Amino acid sequence: MFKLSQNNQEALLFSADHQAKASIGLNEGGRLKELRLKNELIIQDPVGMGYEQSFAAAILFPFANRIAQGKYSFNNRDYQLPTNEEGRNNAIHGLVYDKTFQVVDHHENKGFASISLVYKEKHPPAGFPFPFVVRLTYKLFADKLELKVNIYNTGQQDIPFTLGWHPYFYSSELSSSKLNFHPQYQVLFDKNMITKGKESAEIEKPFLIADKNLDDCFILQDQKVEFLSFNNQIGIQSEPFHPYLQIYTPPTRDAIAIEPITGISDSFNNKIGLQVLKADESFEQIWQVTKP
């Protein structure tokens, strides 16, 4: 049997034997604070990094990654987002990572437990003056976590957006861990981590993390993404499939961020992966983390 418990700050999904567990921060953008599957630690915050630095498992909306200097144009109007990246004059990781989500539904049964959370933006900022609703549904199984994100345009204007997720996957031996994925291109960044182009990706397969300091974006050939670590083999899937993946190693070297995203850095300006949601329309994205 799977169960749910919650208070004002956190919701916990867990199996009766506690072999599977998912902790969700309700007042931190509805993020996944920790995940265990088959009694193995899969996702957690990097040790020694606060959430305001790591954005660990944040939902990235209405933009993933960065917007250069927070400036963009949409439908012949210019906008200025707040710049919140330390050391660089960029807007980073969207507008909902620090919002409080409300629990609106939950289920407990023999095979899984689920919970649905909602954030309603009724008073949007000047830099993104579009009302919207974000609904997150987490579903925990013995060997899998599913996260479904629904975006609703509740206003009268079109909304530009990209969407992403920023989980950190734990490893006790990151230097010997590997990634198994098939990139076609690697995105090129300027000194402020803003997209300036792309080049053919030539990496070893599987990709050994070793002592690499990664903050890289790839355009994938196919859906397959696996993290191979000590005693762990983790699969990450997206439905529908979007070919963009960001990878980041924090200075703590105890985890790696593997971030499925629907568009790349500065997408509001370069339009790569940018989508437009019309009035009264919705968008759905599902991500799965599995441990075979």
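Among contacts in the protein chain between residues at least 6 apart in sequence, what percentage join residues at least 24 apart? The share is 64%, where a contact means heavy atoms within 4.5 Å.

Before you click around: this is a predicted model, with local features needing pLDDT of at least 70 and side-chain atom pairs counting only at pLDDT 80 or more, while totals for chains, interfaces and linings use all residues. Residues are numbered from 1 along each chain as its sequence is written, and side-chain values use heavy atoms, leaving out hydrogens and water.

Start by showing the whole protein chain as a cartoon. You'll find two helices and 26 strands; these are DSSP runs numbered from the N terminus, helices being H or I with at least four residues and strands E with at least two. The chain's radius of gyration, taken over C-alpha atoms, is 18 Å, close to the 19 Å from the globule rule (2.2 Å times the number of residues to the power 0.38) for 292 residues, so it is as compact as a globular protein of that length.

Of the 292 residues, 53% count as buried, that is, under 20% relative accessible area with a 1.4 Å probe, protein chains only.

Now select Lys110, in the loop between β11 (102-108) and β12 (113-121). Lys110 counts as exposed (over 50%) because its relative accessibility is 74%. Finally, pick Lys3, 107 residues from Lys110 along the chain, with 9.0 Å between their C-alpha atoms.
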